[in-house]
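Biologist: I am new to reading protein models. Could you walk me through one, feature by feature?

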Amino acid sequence: MAGHHHHNEHSGHDLIHAAQDALTKAGEQWTELRADVFAALSTHASPASAYDIADQVSAQRGKRIAPNSIYRILDLFVANNLAMRVESSNAYLANSHPGCLHDCIFLVCDECGEATHIDNDAVSKTVRGLAEAADFKAERPVIEIRGLCAECR
């Protein structure tokens, strides 16, 4: 398909190591809490809220972790391309190719909540071009297409 290119998709421990490498290369620290948050996020196939992650990390650590702390870490992950935010549901997905920067294009199922991330450089270039033509600097374009996934149709 035009506008696509091959990614080095990561999963499991390989994904966690790729995220750690990307974050430290960006000059940020890979703390124990950040590692726990990313590990928890990476277990979710569907978008997870900060509250879901807070509950998961709190249970793992045996002490309550405030959702505010989780939000700050998730925002750091989004800013450094380790996670993607599904704006309409205020939920997050781990980026399976943290070393590759793309705009977020999501197909979001209104029935089951599944969000599929797709990359299309042509669409991203067009959207950024439209913003530029309107004298607007696009920082982090997010496109969400709502509907029904194949399983829910």
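This is a predicted model: local features need pLDDT of at least 70, side-chain atom pairs count only at pLDDT 80 or more; totals for chains, interfaces and linings use all residues.

Biologist: Which residues of H4 are buried?

Modeller: Here is the general idea. An α-helix has 3.6 residues a turn, so residues three or four places apart point the same way. In this helix the buried residues are Pro67, Ile70, Ile73, Leu74, Leu76, Phe77 and Val78. Just after H4, look for Asn81, which takes a positive phi of about 65°.

Biologist: Next, aromatic rings. How many aromatic pairs are there?

Modeller: A pair of aromatic rings is described by the distance of the centres and the angle of the planes. The count here comes to 4 aromatic pairs. One of them joins Tyr51 and Tyr71, with 6.2 Å from centre to centre and 85° between the planes. Planes over 60 degrees apart count as edge-to-face, so that is the label for Tyr51 and Tyr71. This pair links distant parts of the chain: Tyr51 sits in helix H3 (residues 50–61) and Tyr71 in helix H4, 20 residues apart.

Biologist: Is Tyr71 buried or partly exposed?

Modeller: Buried means under 20% relative accessible area. Tyr71 has 21%, so it counts as partly exposed. For another aromatic group, find Trp30, Phe38 and Phe77, which form one cluster.

Biologist: Now for charges. How many salt bridges does a search of the whole structure find?

Modeller: It finds 6 salt bridges. To call one, we look for a side-chain nitrogen of Lys or Arg within 4 Å of a carboxyl oxygen of Asp or Glu. Glu28 and Arg34 meet that way, at 3.9 Å from N to O. Glu28 is partly exposed, with a relative accessible area of 30%, while Arg34 counts as buried at 18%.

Biologist: Which residue forms a salt bridge with Glu32?

Modeller: Arg61 does, with the closest N and O atoms 3.8 Å apart. Glu32 is in helix H2 and Arg61 in helix H3, 29 residues apart, so the pair links distant parts of the chain. Glu32 is exposed at 62%, and Arg61 is partly exposed at 27%.

Biologist: And where is Asp36?

Modeller: Asp36 is in helix H2, residues 32–42. At 13% relative accessibility, Asp36 counts as buried. Leaving aside neighbours within four places in sequence, Asp36 is in contact with Val57, Gln60 and Arg61.

Biologist: Which salt bridge could I look at in the strands and loops?

Modeller: Asp110 lies in the loop between strand S3 (104–109) and S4, and Arg146 in strand S5 (residues 142–147), 36 residues apart. Both count as partly exposed, Asp110 at 48% and Arg146 at 42%. As for networks, salt bridges that share partners join Glu32, Asp36 and Arg61 into one.

Terms used: Residues are numbered from 1 along each chain as its sequence is written. Side-chain values use heavy atoms; hydrogens and water are left out. Buried means under 20% relative accessible area, exposed over 50%, partly exposed in between (1.4 Å probe, protein chains only). Helices (H or I, at least four residues) and strands (E, at least two) are DSSP runs, numbered from the N terminus. Rings of Phe, Tyr and Trp (its six-membered ring) pair if their centres lie within 6.5 Å; planes under 30 degrees apart count as stacked, over 60 as edge-to-face and the rest as tilted. Contact means heavy atoms within 4.5 Å.
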